[in-house]
Amino acid sequence: MHLSSIQKLIHKEIAIADFKKEIADEVKSYEKLSKQKGATNPIFLKEDVEYLFTEDDIAALETLIGTNKLNEYEGSYIADAILLSSQTDLTNEPLIDRIEKLVVEEW
């Protein structure tokens with residue numbers, strides 16, 4: 001997954017279906033490992049842009065998940081990637097807390 005693809009998805013510059021197709025194999029592996037106690041979930045992120053992640057961006061991501069346009073594992077995978085990225089600037093601590101709440105913790 002490319003960081004620029006996340007940015008395009010949230011800013012409605014890429015079709016949701018195209019984005020989901022791009023990350024399908026990664027999310028399948030992520031979901032499987034999320035269900036195994038003690039497993040480490042790999043995040044495959046190409047940091048091809050710098051991304052200032054704002055309140056509007058988290059609201060858009062929450063809406064995509066809340067309206068089932070992204071399933072909980074797709075949303076969790078994106079949230080994990082945002083949190084782990086060195087190219088993503090999160091504007092404040094409450095924003096980080098909101099993103100962390102999107103991460104699925106099965107076990």
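## Burial and overall form

A residue is called buried when its relative accessible area is under 20%, exposed when over 50%, and partly exposed in between, for a 1.4 Å probe and protein chains only. By this criterion, 37% of the 107 residues of the protein chain are buried. The model is predicted: local features need pLDDT of at least 70, side-chain atom pairs count only at pLDDT 80 or more, and totals for chains, interfaces and linings use all residues. Residues are numbered from 1 along each chain as its sequence is written, and side-chain values use heavy atoms, with hydrogens and water left out.

The protein chain contains five helices and two strands, taken as DSSP runs (H or I, at least four residues, for helices; E, at least two, for strands) and numbered from the N terminus. Their order from the N terminus is α-α-β-α-α-β-α. Along its principal axes, the C-alpha trace spans about 35 × 30 × 30 Å.

## Aromatic pairs

Two aromatic pairs are found in the whole structure. Rings of Phe, Tyr and Trp (its six-membered ring) pair if their centres lie within 6.5 Å; planes under 30 degrees apart count as stacked, over 60 as edge-to-face and the rest as tilted. Tyr30 and Tyr77 form an edge-to-face pair, because their ring centres are 5.1 Å apart and their planes stand at 75°. Since Tyr30 belongs to helix H2 (residues 16-34) and Tyr77 to helix H4 (residues 72-84), the pair ties together parts that are 47 residues apart in sequence. Tyr30 is buried at 0% relative accessible area, and Tyr77 is buried at 0% relative accessibility.

Tyr51 and Phe53 also pair edge-to-face, with 5.4 Å from centre to centre and 75° between the planes. Both Tyr51 and Phe53 are buried.
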